[in-house]
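Let's take a walk through a protein model together, helix by helix. Have a look at it first, and then we'll go through a few places step by step.

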Amino acid sequence: MSRLELVKRTRTDEIRSLLRTERFPHIWCPGCGIGVALKCYAEAILKSDIPVEKHIIVSGIGCSGRAAGYMRLDGYHVTHGRPIPFAVGLKTARPDLEVTVFSGDGDLLTIGGNHFIHAVRRNDDINVIMINNFTYGMTGGQYSATTPNGARTLTSPYGFIEGTFNVPYMVAALGANFVARWTPLHDRELTRAIQEMFKIDGFAFIEVVSPCLIFGEMNNIPPLEMLKHFRKRCVIDHDADLSKVGLSTDPDQPIVLGNFVRRDRPSYQTRYRELMEKIRGGGGGRG
Amino acid sequence: MSQGLLKPGVYFMRGNHACVEGALIAGCRFFAGYPITPSNEVSALMSRRLPQVGGYFIQMEDEIGSIMAVLGAANGGVKAMTATSGPGFSLMMESIGLAAMTETPAVIVDVQRGGPSTGLPTLVGQGDLMQAKWGSHGDYEVVAYLPNSPQEMFDLTIKAFNTAWAYRIPVIVLADQVVGQMIEKVVVPPHEEIEIVERKRPEVPPDMFKPFDSKYLVPPMAVAGEGYRIHVTGLTHDDRGYPTTSHEVSQKLVSRLVRKVRENEKLIGEWEEHQTDDAELVVVAFGITSRSAMRAVREAKREGLKVGLFRPKTAWPFPHWALRKHVERGADILVVEINMGQMVRVVKEHFANLVKIHSMTWAPGTVPPPETILAKIKEVYPR
């Protein structure tokens with residue numbers, strides 16, 4: 001065995017140690033991007049200075065929501081749309097934990113949209129990895145708030161007409177401290193972006209634009225074609241004009257990726273602790 | 001207001017405020033809530049008091065966010081609660097089911113107003129009795145306390161925390177607008193005399209620990225960041241917390257979730273009785289209604305009627321075993337409540353066909369006056 005192979009094997013073992021492999025095979029389709037994103041999350045945990053025991057994963061409902069169940073961490077798989085407020089409560093009460101929400105577009109931006117925008121506004125000190133596969137995969141492929149206009153889904157058989165969130169533009173406008181977009185084809189960049197999230201005090205967000213077999217099937221894109229589609233269309237531009245990075249099904253339109261926003265607005269949790277120290281220090285209280 | 005916990009002594013205090021001070025003494029260090037009448041005094045005082053005692057307050061974007069933040073904090077090992085009223089209580093239902101399924105302790109204060117829907121935000125109601133028990137889908141059991149004074153807003157909030165953390169269940173303080181907002185004497189006993197219950201902690205190393213070990217009725221609870229690396233899910237799960245569709249596991253899990261309360265109902269259930277020993281008619285009333293009923297019962301006795309008052313302090317479990325004594329003596333029952341007949345259904349469930357069970361329903365958004373209850377007592381009094 002060469003030295004390189006040995007290093008690789010050790011690394012794989014380390015990543016496996018973070019997975020509940022006894023629960024495999026997982027539920028995700030072959031060709032789905034969620035597993036790659038989860039591996040990047042595991043890799044980022046291993047590279048972080050934070051002890052594994054302090055990393056917490058919170059997921060909602062849906063394909064991506066199953067992530068919490070496959071990580072060998074304290075993992076919470078909660079109600080549909082509600083991982084963010086659960087994570088906010090956990091992080092506020094336990095500032096020592098590194099809390100990451102790992103869920104999908106339907107969960108976080110559709111049913112959970114209200115919690116999402118207010119968590120960004122408060123600048124809650126949580127990390128959010130959102131798999132955007134444009135659809136509700138687990139329930140058969142209905143449209144979500146990120147389905148591109150014109151796309152066919154189980155509930156938009158004639159093409160989607162509602163309108164689509166430009167996710168990085170919205171999250172940046174709301175004031176998040178970190179906003180990035182990557183795909184499972186960019187695993188190194190994605191891992192580094194997740195490592196970056198861990199260092200941020202405040203709301204840190206990554207949209208992982210992911211191939212989905214259910215979505216592809218309904219739009220006549222075979223799995224392999226979909227990956228080629230991603231490779232062909234992806235453009236890295238960290239300084240992109242975010243008003244122009246909305247996703248469409250047009251094969252000639254780029255999928256713009258990058259680490260778009262890095263800010264240092266103090267988090268709600270930091271501001272609260274400062275306030276608490278002032279109140280307790282000033283009043284001479286016991287408690 | 002003192003900076004630390006409220007010192008022992010006698011206070012003149014609003015019910016909703018007594019609830020806050022009781023919660024803090026019980027160890028509550030996290031509150032998440034959303035504005036709603038008539039529970040607002042709880043969140044207002046919590047926002048002032050929690051930072052003083054080193055705790056965390058957050059006003060969330062809605063009641064779903066509030067209860068979910070409470071469940072997050074509780075899974076971090078911090079005692080947590082929320083307070084709301086009818087519409088907000090409705091929004092919390094799905095998450096109360098999550099708390100029951102994941103065995104997350106939490107305290108939910110519901111200061112009941114008149115309903116349904118937006119109803120009577122500033123007026124009293126007791127119509128959430130059944131919702132407190134059955135509001136979320138599927139089978140589970142909760143405990144709900146029925147305070148009838150600011151003193152009990154203090155005492156029963158502390159009990160609610162103890163019960164929630166002892167049994168790993170959501171516990172509801174089912175107050176009402178009058179009890180929440182009235183101002184009365186509240187006695188705070190020496191803190192060392194107040195029983196405080198903490199979670200049962202894991203006693204085995206992480207590799208041997210099963211977070212939902214079915215060999216226990218109430219498994220020990222590991223919290224986030226302790227190194228147990230547990231999986232917690234609202235899906236039907238096995239002893240390790242892993243999702244499963246196994247029929248056997250589902251049967252075992254759901255049975256255990258309800259047995260936690262059913263098998264301990266006599267330990268949890270509480271009630272109070274007045275002049276019931278030889279009563280030929282027992283009036284059953286709870287919360288603020290019991291105060292009016294008490295006056296009516298005393299008046300009836302003065303007029304020579306053998307009438308007593310039975311006041312459940314827990315709606316769930318309903319203390320049916322205590323009421324049974326009077327049924328076996330042959331006493332008839334009159335249930336008085338500010339709703340269209342919810343507790344009377346429970347009484348009928350236990351004692352139908354054994355004695356006469358009468359019901360006085362009430363929905364104008366007021367407390368039924370003693371004279372109205374007295375008139376009803378005279379109307380149904382056995383002769």
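**Helices that cross**

H10(B) and H13(B) cross in a right-handed way. Keep in mind that this is a predicted model. Helix H10 of chain B covers residues 287-302, helix H13 of chain B covers residues 370-380, and the two pack at an angle of about 55 degrees with their axes 8 Å apart. Angles from 65 to 115 degrees count as roughly perpendicular and those under 35 as roughly parallel, so H10(B) is oblique to H13(B).

Which residues meet here? On the H10(B) side you will find Ser292(B), Ala293(B), Arg295(B), Ala296(B), Val297(B), Glu299(B) and Ala300(B), and they meet Pro370(B), Ile373(B), Leu374(B) and Ile377(B) of H13(B). This contact is made up of eight nonpolar, one polar and two charged residues.

Now move to another pair in chain B. The axes of helix H1 (residues 15-26) of chain B and helix H2 (residues 40-52) of chain B come within 8 Å and cross at roughly 40 degrees. That angle makes H1(B) oblique to H2(B). Their crossing is right-handed. Among the residues of H1(B) in this contact are Val20(B) and Leu24(B), while those of H2(B) include Leu45(B) and Arg49(B). Sorted by type, the residues of the contact are seven nonpolar, two polar and three charged.

Finally, turn to chain A. Buried residues in H2(A) include Ile34(A), Leu38(A), Tyr41(A) and Ile45(A). Residues three or four places apart in an α-helix point the same way, because there are 3.6 residues a turn.

Terms used:
Residues are numbered from 1 along each chain as its sequence is written. Chains are lettered from A and ligands numbered from 1 in the order in which they are written. This is a predicted model: local features need pLDDT of at least 70, side-chain atom pairs count only at pLDDT 80 or more; totals for chains, interfaces and linings use all residues. Side-chain values use heavy atoms; hydrogens and water are left out. Axes are lines fitted to C-alpha atoms, for helices over the stretch in contact, and angles run from 0 to 180 degrees between N-to-C directions. Helices (H or I, at least four residues) and strands (E, at least two) are DSSP runs, numbered from the N terminus. Angles under 35 degrees count as roughly parallel, over 145 as roughly antiparallel, 65 to 115 as roughly perpendicular and the rest as oblique. A crossing is left-handed if the near helix is turned anticlockwise from the far one by less than a right angle, and right-handed if clockwise. Contact means heavy atoms within 4.5 Å. Ala, Val, Leu, Ile, Met, Phe, Trp, Tyr, Cys and Pro count as nonpolar, Asp, Glu, Lys and Arg as charged, and the others, Gly among them, as polar. Buried means under 20% relative accessible area, exposed over 50%, partly exposed in between (1.4 Å probe, protein chains only).
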